[in-house]
Amino acid sequence: MSDEAKIAARGITRTFGAGAGLVHALGPLDAEIESGEFVCIVGPSGCGKSTFLRIVAGLIPPSEGVLSLGSDGGQAPLAAVVFQDYSIFPWKTVEANVRFGLDLLRVPRHEADTRVERSLSRLGLTEFRKAYPGTLSGGMRQRVSIARALVTEPQVLLMDEPFAALDAQLRHLLQDELLELWQEDRRTVLFITHNLDEALLLGDRVLVMSARPGRIVGEFKVPFERPRSGDIRRSPEFAAMESEIWDLLRSEVAAGIPATGGTKVPA
Amino acid sequence: MTAVDLQRNTTSRRIERKPGPVERNPRAFMRRRRIIDNLLRIGAPILLIVAWQLVVSTGLLDRRFWPAPTDVLLSFQENVATGRLAEALVSSMTRILLGYLIGSVAGILGGIALGVFRPLRIALEPIISAVYTVPKLAILPLLLLLFGLGDVPKIILIALGVFFVTIISTIAAVTSIPEGYLEPARSFGANRVQTFRHIIVPAIMPDIFVALRLAAGQAVLLMIGIEFVQGDEGLGYMIWNSWQLFLADRMYVGIVSVALVGVVFQTTVKWIGQRLTPWEKPRN
Ligand SMILES: Nc1ncnc2c1ncn2[C@@H]1O[C@H](COP(=O)(O)OP(=O)(O)OP(=O)(O)O)[C@@H](O)[C@H]1O
Ligand SMILES: [Mg+2]
C-alpha cells in the first residue's frame, strides 16, 4: 500500500545543531499522501511544518526515517515549492522570475512564452511583467512566487503558507483560483497553513501537528463534495469541523508556549 | 523626563501629514532638483578654484609652491600643445587598464571559485589575507628583479593590487548569498551551471561593482607610486620630475590630471555597474 502513495513519510525526524544547541524540530512523523490528493497541514508555529516541507522537497535530508515519492515518469518535474518567504529573485523581472523553472527545464521558447503568459494573467500580474520585485507589494511578490511554481506544472505542489501575507479579499480570490486550478488537473498538493478555514476549503484531508517536535496528532477527512466553492464556508458542517480541529489545535498551541503551563500531548 | 515632555507635546497639538513639494508636482520637482544637483556638482569645484585663485593672487600663499589656477591652466595648455601630457596619460592609462583588467578578472573568477568550493577557500583564504597585508609597492623591487625594467612588472603589480580587493569581496559576496535564493534554484532542479548563471552571478554583482570601484582607485594610486620610483614616463613621472626641476605649475598639471583620471575611471565603473544591476535602486 505504502509503495503506491505519492508521498510516504516513515518515521521522519529532523534535528538541527548538535550538543547543547541541539533542536529537535520534527517527528517522528508518519504520513501518506495519495496521488491527486490535496492535503493541508496545520500546527503551532515552530512545530516543524516548513522543515517537513523542505524534506519532501529534497532541500534537506531527514535525520531519521525515510521519505519516498512516487514519480509518474513523465515530463513534469517532480515537485515545485512556494516558499513561506517568497524567495523570488530581486534581479529578475516578474516575467523572468516566473519563467525561471521553465528555463531550467529547457522548455522550448515558444511553449514557455505561452505558459508564462497564461500564468501571469491567471495571477493578475500581466501589467507588471517587466517590473523588478523591489517595486512590488508583498502580496504581488507572493503571487509571483505562486506563478513561478504553478507554471512548471509539477507532479507535486508544495506550498508553505502561500497566502499568509495577503489581505483577506485577495486571499479569498486566490483560494478560489487555486481551487479551480486544482480541480482542473488534480495535482498532488501539500499545503501548509495556519488558517483552518483555508485548510477545510481547499483540502481533502487536514493533518494536525503537535507542538515542536511536530508529530501528526489528528487527521480529518474533509467531507465536502467537489467541485467546491467558497460558499461551503456558510454550511453548519463547516463550522462544526472547524471548531473540532481548533479544539485539538488549541491544546497544542498552548503546549508550545511554556508560560501557559501546557504539557505536551504524546502522539 | 523626555518621554513625558514628548507626550505632552504630541497631545497638545495636532500633527498634519500633507503632500510636500514632490507630491504636488513631481515633474517640476525632479527638474528643479536636477538643476540644483548640477549646479552643486559643477559649482563646488569652481568655487574652490576661484577661492584658490583669490588666495594666491592676494599673496596670502607663496606663488612658487601654490601656483594660481591660471598659472596651472597656462602650463596645462603648454603641456597639451607639446604633447607631453597626452603621452604621459596614454602611457599611464595603458598600464592601469591592462593591470586592472587582468587583476579584476582573476580576482572575480578566483573569488567565485573560492566562494563555491569550500576546501579551496579553507586552504587559500588565510594565505590571501596574509599576502594582502603586504604593501604592494614593497614587492616592486622583487618584480623588477624577476621581470626586468619594462612594463611587465608594473602591470603585474597593479593587477595584484586590484586582484586582492576583488577576490576578498567576491568570496564574501558568494558566501553570503542567502539560502532563500539558493533553495528555489535547488527545488527547481538547477544544475551547477544554471545555479551559477541564474543565482550566483546576479546575486554577487552589486558587491563586485563596489569592489571594482575601490580597485579603480587602488590601480591609479599604485601606478603613480610605481612611476615615482621607476621609469621615465607616465603621469607619476611627470609629477616627480617636475618636483625635481622645481616646476610647480607642471607638477599641479600632473596632480590635477591624476585626480581627473581617478574621477572618470570610478564614474565609468559605477555607470557600468548601474547598467548591469537595474534591480538595485540607490536612494538618491
Ligand atoms: N536551519 C535551521 N537551523 C536551526 N534550527 C532550525 C532551522 N530550521 C528550522 N529550525 C528550527 O526548527 C523548528 C521548526 O521550524 P519550522 O520552520 O519547520 O517551523 P514551522 O512549523 O514552519 O513554523 P511557522 O509556522 O512559524 O512557519 C524551529 O524551532 C526552528 O527554530
Ligand atoms: Mg514555516
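In the predicted model, Ala9(A) lies opposite Ala31(A) of strand β2(A). Ala9(A) also has a bridge partner in β4(A), namely Leu67(A). The neighbouring residue position is paired in β4(A) as well, with Ser68(A) as the bridge partner of Ala8(A). These pairs belong to an open sheet of three strands in chain A, arranged in the order β2-β1-β4 with antiparallel pairing.

Strand β1 (residues 7–16) of chain A is paired with β4(A) in the antiparallel sense over five bridges. Between β1(A) and β2(A), which also run antiparallel, there are seven bridges. Strands in a sheet pair through backbone hydrogen bonds, in either a parallel or an antiparallel manner. β1(A) and β2(A) form a hairpin, with six residues between the two strands. Within the turn, Gly17(A) has a positive phi of about 75°.

In chain B, helix packing was examined for two pairs that share α8(B). Helix α7 (residues 140–147) of chain B packs with helix α8 (residues 152–175) of chain B at an angle of about 140°, and their axes are 9 Å apart. This angle makes α7(B) oblique to α8(B). The crossing in which α7(B) passes α8(B) is right-handed. On the α7(B) side, the contact involves Leu140(B), Leu143(B), Leu144(B) and Phe147(B), which meet Val152(B), Pro153(B), Ile156(B) and Leu157(B) of α8(B). By class, the residues of this contact comprise eight nonpolar, no polar and no charged.

The second pair is formed by helix α6 (residues 118–133) of chain B and α8(B), whose axes come within 11 Å and cross at roughly 145°. The crossing of α6(B) and α8(B) is left-handed. From α6(B), the residues Arg121(B), Glu125(B), Ile128(B), Val131(B) and Tyr132(B) meet Phe164(B), Ile167(B), Ile168(B), Ile171(B) and Thr175(B) of α8(B). The residues of the contact of α6(B) with α8(B) comprise seven nonpolar, one polar and two charged.

Record annotations were set beside the model. An unreviewed UniProt entry places the feature "transmembrane region" at residues 39–61, 97–117, 129–149, 155–178, 199–226 and 251–273 of chain B. In the model, residues 39–61 of chain B are 83% helix and 0% strand, with the end C-alpha atoms 28 Å apart. Residues 199–226 of chain B are 100% helix and 0% strand, and here the end C-alpha atoms are 39 Å apart. The feature "domain: ABC transmembrane type-1" is placed by UniProt, again in an unreviewed entry, at residues 89–273 of chain B. Over residues 89–273 of chain B, the chain is 86% helix and 0% strand, and the end C-alpha atoms are 25 Å apart.

Key: Residues numbered from 1 in each chain as written. Chains lettered and ligands numbered in written order. Predicted model: local features only at pLDDT ≥ 70, side-chain atom pairs only at ≥ 80, totals over all residues. Heavy atoms only, no water. Axes fitted to C-alpha atoms, helices over the stretch in contact; angles between N-to-C directions. Helix = DSSP H or I, 4+ residues; strand = E, 2+ residues; numbered from the N terminus. Parallel < 35°, antiparallel > 145°, perpendicular 65-115°, else oblique. Left-handed = near helix turned anticlockwise from the far one by under 90°. Contact = heavy atoms within 4.5 Å. Nonpolar A, V, L, I, M, F, W, Y, C, P; charged D, E, K, R; others polar. UniProt positions renumbered as here; feature names shortened; annotations may be inferred. Pairing = 2+ DSSP bridges.
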